[in-house]
Amino acid sequence: MARRLFLSGLMFFLILVAAAESEAAKNRSGEGRESRSPIPIPSGLAWSALPTHITSETLRQMDFAEKSPSFDFPARKARYFYNGLPDSHCIALTFDDGPNPRYTRAILGILREKKVPATFFLLGENVRRYHDIVCDIIASGCEVGNHSFSHANMGRFTPAQIREELNKTQEEVKSACGVDPRIVRFPYGVSSADVARVAYEMRLDIFFWSLDTDDYKKGVTKEDMVNTILKDAKGGSIILMHDRGQKEVDVVREIIDRIRAKGLEFVTCSEMADRVRMKRYLEGKTGASHPSPAVKKNTDKE
Ligand SMILES: [Zn+2]
């Protein structure tokens with residue numbers, strides 16, 4: 001009797017452990033998290049329209065399942081995200097070249113206060129120096145992406161050199177906060193067939209931008225940036241800035257409420273991509289071509 005009680009107790013315990021482990025695995029993979037997101041999407045589209053076994057991660061993996069994809073021009077361009085769905089209410093705020101010991105935290109403070117998820121494309125060499133800031137970015141509900149290790153112009157790099165630039169950054173971010181970035185933005189917006197191929201092999205979504213604030217130019221003031229953003233921001237916009245100056249901190253403080261007043265909602269780059277893929281799936285399109293209509297600027301220097 002005691003033995004039977006012990007055995008059923010043991011069984012119960014094992015079931016509990018298995019259930020907890022399955023839930024933890026789900027959280028780690030992000031599965032189920034995005035698939036029923038409340039973020040607005042174009043009318044006629046809804047996550048609930050997808051079969052229950054299809055999550056945003058399933059759709060993402062389908063884009064990396066091609067046996068012999070072409071990366072010649074313009075085939076590779078079809079894999080780039082320049083913007084989200086133009087008829088959505090989603091907008092993405094992105095910051096390149098961090099983490100910066102002074103300005104990244106100042107921006108994060110505003111984003112947390114306003115509950116804005118943004119995306120930070122990080123340099124591996126900065127991640128190595130400021131692990132704790134990377135953790136703060138994640139803890140603030142933002143996404144981190146790969147921006148190479150040393151801000152290299154990879155246009156003429158060999159595949160081995162590209163792999164090293166991107167791999168080292170993946171490893172630095174992983175060791176800083178345990179997260180594997182799923183997205184990449186190439187320094188200077190410079191791409192090539194080899195760059196696109198390596199990103200594909202590493203299962204990284206490639207992001208450019210549709211709204212450049214030109215903040216890196218000396219003569220561009222905070223007012224210039226705010227005006228550009230408010231004039232051009234619309235559904236699907238990806239806004240490019242850098243978290244390396246007070247000017248950007250002030251701009252962030254100023255634009256959030258005013259962008260929301262236009263009926264737009266902030267999302268991370270991956271959330272934007274999820275909606276593009278959902279729409280494509282529901283419209284019966286498959287394969288790797290990302291619809292990127294309304295591309296404002298051709299940032300692919302090739
Ligand atoms: Zn950069």
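**Entry 1: helices H6 and H7.** The axes of H6 (residues 159-177) and H7 (residues 193-201) cross at roughly 50° and come within 9 Å. I note that the model is predicted, with local features needing pLDDT of at least 70 and side-chain atom pairs pLDDT 80 or more, while totals for chains, interfaces and linings use all residues. Residue numbers start from 1 along each chain as its sequence is written.

From H6, Pro159, Ile162, Arg163 and Leu166 make the contact, and from H7, Asp194, Val195, Arg197 and Val198; contact requires C-beta atoms, placed from the backbone, within 7 Å.

**Entry 2: leucine 282.** I located leucine 282 in helix H10 (residues 269-282); helices are DSSP runs of H or I of at least four residues, and strands are runs of E of at least two, numbered from the N terminus. Beyond its neighbours within four places in sequence, leucine 282 contacts Leu45 and Ala49. Leucine 45 lies 237 residues from leucine 282 in sequence, yet their C-alpha atoms are 7.8 Å apart.

**Entry 3: the whole protein.** I noted 10 helices and nine strands. Buried residues make up 38% of the 302. Of the contacts between residues at least 6 apart in sequence, 81% join residues at least 24 apart.

Definitions and conventions. Two residues are in contact if their C-beta atoms, placed from the backbone, lie within 7 Å. Axes are lines fitted to C-alpha atoms, for helices over the stretch in contact, and angles run from 0 to 180 degrees between N-to-C directions. A residue is buried if 20 or more other C-beta atoms lie within 10 Å of its own, exposed if 12 or fewer, and partly exposed in between; C-beta atoms are placed from the backbone.
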